[in-house]
Amino acid sequence: MSEKLLEVKNLRTEFFSSKKSSVVAIDGVSFSLDKGEIVGLVGESGCGKSVTSLSIMQLLKDTPGKVTNGEVIFEGKDLLKASKKEMLDIRGGRISMIFQEPMSSLNPSMRIDKQLIEGIRLHTDLSKEQARERAAKMLSQVGIPDPPRVMKNYPHQLSGGMSQRVMIAMAMSCDPQLLIADEPTTALDVTIQAQILELMKKIQQEQGTSILLITHDLGVVAEMCSRVIVMYAGKIVEEAPVEILFGNPTHPYTQGLIASVPKLGSGVKVLPSIPGSVPDLSSMPTGCRFAPRCKYATEKCSQKEPELTQVNDRQKCRCWLKQ
Ligand code: SF4
């Protein structure tokens, strides 16, 4: 029987332009993650994937965004009710994050060893020397040759792939239960991308870490995840195990995303794309949010919004065609 590690319940995040005026970026999002599971959160840019992860981690304070409803239960505790100090302990300790741009997460003015050692000592009782040993071990585990030499470097002296490996080493150095990886390979070239994904999978298998993988890349999802959650315009529109989602996508948005992925040997010269773009938060369509882009849309679709419903025992979909 699988054990839940994270449960996001009815999460709502709004962005405020003044005290009274706001737009809703995340609207009633609920999902869970089991221990040791890798779940993909997918959708185009602007669908709310990253805001979901920032809301979970309470990292919206430098933005006009605020979580206005919901619960984020991690190991039985609601993170939205945790104090600043508790969140500081959890972030980088029990839950780690990796972002798309390693350079924006590493401190440019601090040597790699100092950044790693400080992070480890913040979340463990290790002495400086023990933390240094763990840092070197982590760098070697993520495939960095000659860790003692790399530890003396500053971030700008490392390539993109090396920096992302350092980020992963840093994220994994305190044995997190959950790793939130937001587009971790998007900025890297294809060969390095494959190496980094392989590395994340290896770490997940060895340490049993759960991973919430945020990406717009369905190829990455197929490679890594056991379950997929598809987001569109701040809502979940489909959820299913990866083989079911790719074999039998039920939501027209998911179908469009999958159709636009290149397939080797298909002979297709021009890939189909979904017409239009993700709606602006300030002018959400009424009814189904996907209606303006959906080839199956009927009058009912633009009048009333469908609920996310179970279409079979393993798949959920938010579409009138399935209710
Ligand atoms: Fe398309 Fe209607 Fe389904 Fe929305 S509810 S995805 S508009 S068919």
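Strands S1 (4-16) and S2 (22-34) pair in the antiparallel sense over 10 bridges, where strands are DSSP runs of E with at least two residues, helices are runs of H or I with at least four, both numbered from the N terminus, and pairing requires at least two DSSP bridges between two strands. Across this pair, Glu-7 has Ser-32 of S2 as its bridge partner. The model is a predicted one, in which local features need pLDDT of at least 70 and side-chain atom pairs count only at pLDDT 80 or more, while totals for chains, interfaces and linings use all residues. Residues are numbered from 1 along each chain as its sequence is written, and side-chain values use heavy atoms, with hydrogens and water left out.

S1 also pairs with strand S4 (residues 65-74), running antiparallel to it over 8 bridges. Here Lys-9 sits opposite Glu-71 of S4. S4 in turn takes S5 (residues 77-78) as an antiparallel partner, with 2 bridges between them, and Phe-74 faces Lys-77 of S5. The hairpin of S4 and S5 has 2 residues between its strands, and Glu-75 takes a positive phi near 50° there. Put together, the 4 strands make an open antiparallel sheet in the order S2-S1-S4-S5. S2 and S5 each have a single partner strand and stand at the edges, so one side of each is left without a neighbour in the sheet. In a regular strand, side chains alternate between the two faces of the sheet.

Next come the charged pairs. A salt bridge is counted when a side-chain nitrogen of Lys or Arg lies within 4 Å of a carboxyl oxygen of Asp or Glu, and the count by this rule is 21. One of them joins Lys-35 to Glu-3, with the closest N and O atoms 3.1 Å apart. Lys-35 is in the loop between S2 and strand S3 (38-42) and Glu-3 in the segment before S1, so this pair ties together parts 32 residues apart in sequence. Lys-35 is partly exposed at a relative accessible area of 42%, and Glu-3 is partly exposed too, at 48%; buried means under 20% relative accessible area, exposed over 50%, and partly exposed in between, for a 1.4 Å probe and protein chains only.

Asp-27 and Arg-289 also meet through their side chains, in a salt bridge of 2.9 Å from N to O. Glu-44 pairs with Arg-293 in another salt bridge, the closest N and O atoms being 3.0 Å apart. Glu-44 lies in the loop between S3 and helix H1 (49-56), and Arg-293 in the loop between H11 and H12, so the pair ties together parts 249 residues apart in sequence. Glu-44 is partly exposed, at 22%, whereas Arg-293 is buried, at 7%. Shared partners also link salt bridges into one network of Arg-12, Glu-14, Asp-27, Lys-235, Arg-289 and Glu-305.

Asp-27 is also a handy reference point for Thr-52: the two are 25 residues apart in sequence, and their C-alpha atoms are 9.9 Å apart. Thr-52 belongs to helix H1 and is buried, with a relative accessible area of 0%. Beyond its neighbours within four places in sequence, Thr-52 is in contact (heavy atoms within 4.5 Å) with Leu-11, Ile-26, Phe-31, Leu-41 and Met-231.

H11 is mostly covered as well, with 6 of its 8 residues buried. These are Pro-252, Tyr-253, Thr-254, Gly-256, Leu-257 and Ile-258. A pocket is an open set of points on a 1 Å grid over the protein atoms alone, where a 1.4 Å probe fits and protein lies on both sides within 12 Å along at least five of seven lines; lining residues have an atom within 4 Å of a point. The largest pocket has a volume of about 650 Å³. Its lining holds 25 residues, with Arg-91, Gly-92, Ser-105, His-123 and Met-170 nearest the centre. Helix H4 (112-123) is among the elements that supply at least two lining residues each, and H4 gives the largest share, 7 residues.

Definitions and conventions
Points joined across faces, edges and corners; volume = space filled by probe spheres on them.
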